[in-house]
Amino acid sequence: MNYKEILSNYRGEVAGMLCDLVSFRSVNAEPLEGKPFGEEVHKAYAYMLERGERDGFDAFDADGYGGHIEWPGAVTDERGEIVEAADGTLGVAVHLDVVPAGDGWAQDPWEGTLSDDGNIYGRGTTDNKGAVAAVYYAMKSLKEAGHAPSKNIRLILGLDEEVEWVGMDKYFEQAGQPDFGFAPDADFPVINGEKGILVFEIAKKFEGSHEAGLHLRSVTGGSAVNMVPDGCRAVLAYDNPSNASKGKGGKTRGKGKGKQASMAAKESAARDKAFAFVKEAAAHNERTGARISCKGVGTALEVSAKGVSAHGSLPEKGVNAISVLMDFLSTLPIANESARDFVDFYCTHIGHETDGKGLGIAMSDGLSGALVVNIGMIALNREAAVLSVNVRYPVSKTGDGVYEVLMPAIDANGLGVVKESDKPPLYYSEDEPFVRTLMEVYRENTGDADSKPIVIGGGTYARSFPQAVAFGLRFPNEEDITHQKDENINLDSLMKAAHIYADAIYRLTR
C-alpha cells in the first residue's frame with residue numbers, strides 16, 4: 001500500500017490519539033521538578049515521546065522544556081544505498097499546551113469524545129492537538145510505506161506556546177533549529193505572514209480615598225492575555241473610609257450592645273445604599289443589551305458581566321466582558337477618585353474598540369491590514385489596577401513604533417506601561433519556493449485554485465525558526481472556534497489535513 005492508503009486506514013487511531021491528548025488538562029501551571037510547565041502539560045508530552053519511541057522514531061527531551069520525535073533521513077544513490085547523512089532538517093512545530101477551558105461548555109472540555117455528528121469536542125482539538133495527531137500519523141504512514149527521506153523529519157513538541165515560549169528557546173539551545181518547515185497551527189492554504197505580537201500591562205497606582213460613598217473594591221476578569229474574556233466581576237460597597245465608626249477626636253463610639261447595634265445599623269444602611277444600584281444594572285442591560293447581574297455578598301455588592309470568548313487575534317469575534325463591566329461601572333457614582341479615573345480612562349480610550357484608535361495606536365499596511373488590540377485580563381484592588389494587553393501589529397511596523405504612539409495617552413492619564421514581550425512579525429513572499437510547494441500540495445488535495453496565501457494576526461511557532469510558515473489546520477470557510485467554548489474538529493476534516501501533511505512532508509523530503 002502507498003502512504004495515502006495506509007493513512008486512511010489509521011482514521012480510528014488518529015481520533016484515538018486526539019481524544020487521549022484532550023484528556024490531559026495541559027494548561028500551563030506551577031513548575032515541578034523536571035516538569036517546568038506543570039504536571040498535566042508534562043503528561044501530554046511524555047505520552048507523545050513514548051508513542052514516538054514505540055513506533056520506531058527517535059525521541060529527544062530538552063529537560064522537560066520541549067523535545068521532538070524524529071525520523072532520521074539520509075542521502076542515497078541510484079541503487080537506494082545510503083551514501084551520506086541527511087542534508088538538513090524539516091521541522092514541523094506543534095504545541096501540546098492549551099488555554100483554560102472557561103465556562104459554558106455543552107460537552108466536557110477534557111473528555112475528548114467523538115460525537116454522533118462526526119466531531120471531536122474538547123479543549124485543544126483545533127489548537128493544537130488535532131494537528132499533533134494528524135502530523136504524527138502522516139509521518140508514521142510515510143515510514144511504513146517505505147519512504148526514504150533525504151532530510152531529517154522532526155516533529156517538534158512545544159509546551160508553552162500559549163504563554164511565553166520559554167520552552168522553545170531552551171529546546172533550540174540543546175537541539176538546534178531545523179533548516180525549514182511549517183507549523184500546522186492556523187489556516188489553509190498557507191500563512192505567509194504573521195503580525196507582530198506585543199504583550200504589556202497598563203498599570204495605575206491608586207491614592208487612598210477618604211470620600212464617603214460607593215467604593216470600587218475590586219475588579220477581576222480574564223484567564224489569558226490572548227483570549228477575549230467571557231467573564232468579569234467587580235465588588236462594590238457603600239462606606240465612609242475616614243469616619244465609619246469614629247466619633248469626635250477619633251474615639252470609637254459606643255460600648256457593648258450599644259456599639260454592636262450601632263455597627264449593625266450602619267452595615268444595614270450601607271448594604272441598602274449599595275443594593276440600590278441593582279436597578280441600575282437592569283436598566284443598563286435593557287438599554288445596551290449587556291449581560292450584567294448583581295448579588296449581595298455580606299454588606300457588599302458583587303457585579304458580574306458575561307461576554308463571549310474568542311481568540312485574542314480576532315477580538316471582534318467575541319464580546320469582551322471587561323469592557324461590558326467597565327461600561328456599566330462608568331454609570332455609577334464611584335467615590336474613590338483614582339478608581340473612578342481608571343474606569344473613565346478605560347471607557348474613553350479602550351471601550352469596545354479593537355483597533356487601538358482610542359489609545360492612539362491605530363495603524364495598518366497593505367500586506368497585513370490593521371492593528372488589533374485585545375484586553376485579556378484585569379486585576380484591580382484598593383491599591384492599584386493592572387490591564388493585560390495583547391496587540392497584533394502590521395508586518396511592516398515595529399513594537400517600538402507601537403509604544404512610541406501609545407505613550408502620550410498613557411502619560412496624560414498618569415498611567416504606566418510594563419513591557420512583557422514582543423514577537424516580531426513574519427512575512428515571506430508568495431514566490432518563496434517552499435511557499436509555492438505548500439500551495440501546490442494544498443491545491444492538489446482540495447481542488448481549490450482560488451485561495452491565496454494569507455497574513456494573520458495569530459502567532460505560531462513558524463516565527464521561531466528560519467524559512468517557516470503556518471500551514472493549516474483549518475480550511476477556508478470553516479468556523480474559527482479556537483479558544484472558545486465547545487471547541488471541536490470534524491474527523492473528516494482532520495483526516496483531509498493529515499493527507500495534506502503527508503504529501504507536504506513527502507514533497508519536501510524526497
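The sections below cover the basis of the model, then the sheet, then the helices.

## Basis

This is a predicted model, in which local features need pLDDT of at least 70 and side-chain atom pairs count only at pLDDT 80 or more, while totals for chains, interfaces and linings use all residues. Residues are numbered from 1 along each chain as its sequence is written, and side-chain values use heavy atoms, with hydrogens and water left out.

## The sheet

Three strands form an open, antiparallel sheet in the order β6-β7-β26; strands (E, at least two residues) and helices (H or I, at least four) are DSSP runs numbered from the N terminus, and two strands pair if DSSP finds at least two bridges between them. Because β6 (113-114) and β26 (488-490) stand at the edges with a single partner strand each, one side of each is left without a neighbour in the sheet.

Strand β7 (residues 119-121) is joined to β6 by two bridges, the two running antiparallel, and leucine 114 stands opposite isoleucine 120 in β7.

## The helices

Helix α2 (residues 11-22) lies across β6, β7 and β26 and runs at about 15° to β7, whereas helix α4 (residues 125-144) lies across β7 and β26, at about 45° to β26. Axes here are lines fitted to C-alpha atoms, for helices over the stretch in contact (heavy atoms within 4.5 Å), and angles run from 0 to 180 degrees between N-to-C directions.

The axes of α2 and helix α3 (residues 39-54) come within 9 Å and cross at roughly 150°. The contact is made by Met17, Asp20 and Leu21 of α2 together with Ala44, Tyr47, Met48 and Arg51 of α3.
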